Every structure is written in C-alpha cells, then in structure tokens.
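Biologist: I would like to learn how to read a structure like this one. Please take me through it feature by feature.

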Amino acid sequence: MSLDSGSHEKLLVKIAAYGISGYLYQWIVAFLSNRKQAVRVENVLSGFLNVISGVPQGSVLGPTLFLLFINYVCDVFGDLKVVCKLYADDVKLYTAYDLNETKCDLSIATQRLVSWADTLQLSLAVHK
C-alpha cells in the first residue's frame, strides 16, 4: 500500500479522529497544502497541478501520517480467523485452513482488504 494516492481530506479526517487538533493539526494541514506538481518527459514539462493526495516523498512525517491513515485496517478482519500483520507499508494476511470447511476466511479477508483500500483510494500491490 502507499499513501501516494490517499486523499488529503480523508487523511485529515482520520487525524482529527485521533484527537489531533489545534496548532499541530493546522501544521499538518499546512504541510499538505499548496503543493503543486508537474511531469517532465525529456525536455517537455507539463503544466503544474495542485496535489490533493499523498505526502511528500522522503519526508520524515510521511510514514507517520501513513500509519495513522491505515492503523485500523486489522479491525476489518476482527470477526475472521485471519491474522493481520502490519509492517511499514505492507499488510500480511494469513490463516490456517481446514479442508473440511466450506468457506475460507482468507478469501473473505482479501475481498474486504480490496474494498477497504478502494474506499480510502489506496492502491494495492497484490503482486507482492
């Protein structure tokens, strides 16, 4: 997963839900606001557009904001027999599977993860 595509609006809602407010909240808003980007292909530069998602790459604050953004993802699987592990921008899901059961919680968990990521506008690298 990556916060490259996560919307600033959704990130700020989550930050406020953690109780972050006042000057710290305003500082984070300022950190994310008024950023522009362009694309260069060889000697041709596109026009600049406002950045409304993601965090500046290489920033110290970026990983912390990402963790605040995804911290509750394991709660999505709370009723399933699935173990969820988070490390940096990776989510690992695993379970023991009984061949006599008719349903597989891992399949359900995967569907929920895709739905959760779509809701937050996060891209998943399923090939990993």
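This is a predicted model: local features need pLDDT of at least 70, side-chain atom pairs count only at pLDDT 80 or more; totals for chains, interfaces and linings use all residues.

Modeller: Start with the elements: helices (H or I, at least four residues) and strands (E, at least two) are DSSP runs, numbered from the N terminus. Residues are numbered from 1 along each chain as its sequence is written, and side-chain values use heavy atoms, with hydrogens and water left out.

Biologist: How many helices and strands does the chain have, and in what order do the elements run?

Modeller: The chain has 4 helices and 6 strands. Read from the N terminus, the order is α-α-β-β-β-β-α-β-β-α.

Biologist: What radius of gyration does the chain have, and what would a compact globule have?

Modeller: The radius is taken over C-alpha atoms, and the globule rule is 2.2 Å times the number of residues to the power 0.38. For 128 residues a compact globule would come near 14 Å, but this chain has 18 Å. Along the principal axes, the C-alpha atoms fill a box of roughly 60 × 45 × 20 Å.

Biologist: What share of the residues counts as buried?

Modeller: Buried means under 20% relative accessible area, exposed over 50%, and partly exposed in between (1.4 Å probe, protein chains only). Of the 128 residues, 30% count as buried.

Biologist: Which residues of helix 3 are buried, and what covers them?

Modeller: Helix 3 (residues 61-70) is mostly covered, with 7 of its 10 residues buried. They are L61, G62, L65, F66, L68, F69 and I70. For the cover, we look at contact, which means heavy atoms within 4.5 Å. The covering elements include helix 1 (8-17), helix 2 (22-32), strand 5 (83-87) and helix 4. As a general point, an α-helix has 3.6 residues a turn, so residues three or four places apart point the same way.

Biologist: Is S7 buried or exposed, and what is S7 in contact with?

Modeller: S7 lies in the segment before helix 1 and counts as buried because its relative accessibility is 13%. Apart from neighbours within four places in sequence, S7 is in contact with I52, S53, F69, L120 and Q121. The C-alpha atoms of S7 and G54 are separated by 6.5 Å, although the two residues are 47 apart along the chain. A polar contact is a pair of N or O atoms within 3.5 Å; within protein, one must be able to donate a hydrogen and the other to accept it, and residues adjacent in sequence count only if both atoms are side-chain atoms. Here the side chain of S7 reaches the backbone nitrogen of K10 at 3.1 Å.

Biologist: Where is H8 found, and which residues is H8 in contact with?

Modeller: H8 is found in helix 1. At 10% relative accessibility, H8 counts as buried. Setting aside neighbours within four places in sequence, the contacts of H8 are L32, V51, I52, S53 and G54.

Biologist: Which polar atom lies 2.7 Å from the backbone nitrogen of K81?

Modeller: A polar atom of the side chain of D105 does. D105 is found in helix 4 (residues 105-119), and D105 is buried, with a relative accessible area of 10%. Leaving out neighbours within four places in sequence, D105 is in contact with L80, K81 and V82.

Biologist: What is the phi of N34, and what is the phi of E42?

Modeller: Phi of N34 is near 55°, a positive value in a residue other than glycine. The phi of E42 is near 55° too, again positive in a residue other than glycine. N34 is in the loop between helix 2 and strand 1 (36-37) and counts as exposed at 79% relative accessibility. E42 counts as exposed at 74%.

Biologist: Where is A96, and is A96 buried or exposed?

Modeller: A96 is in the loop between strand 6 (90-94) and helix 4. With 74% relative accessibility, A96 counts as exposed.
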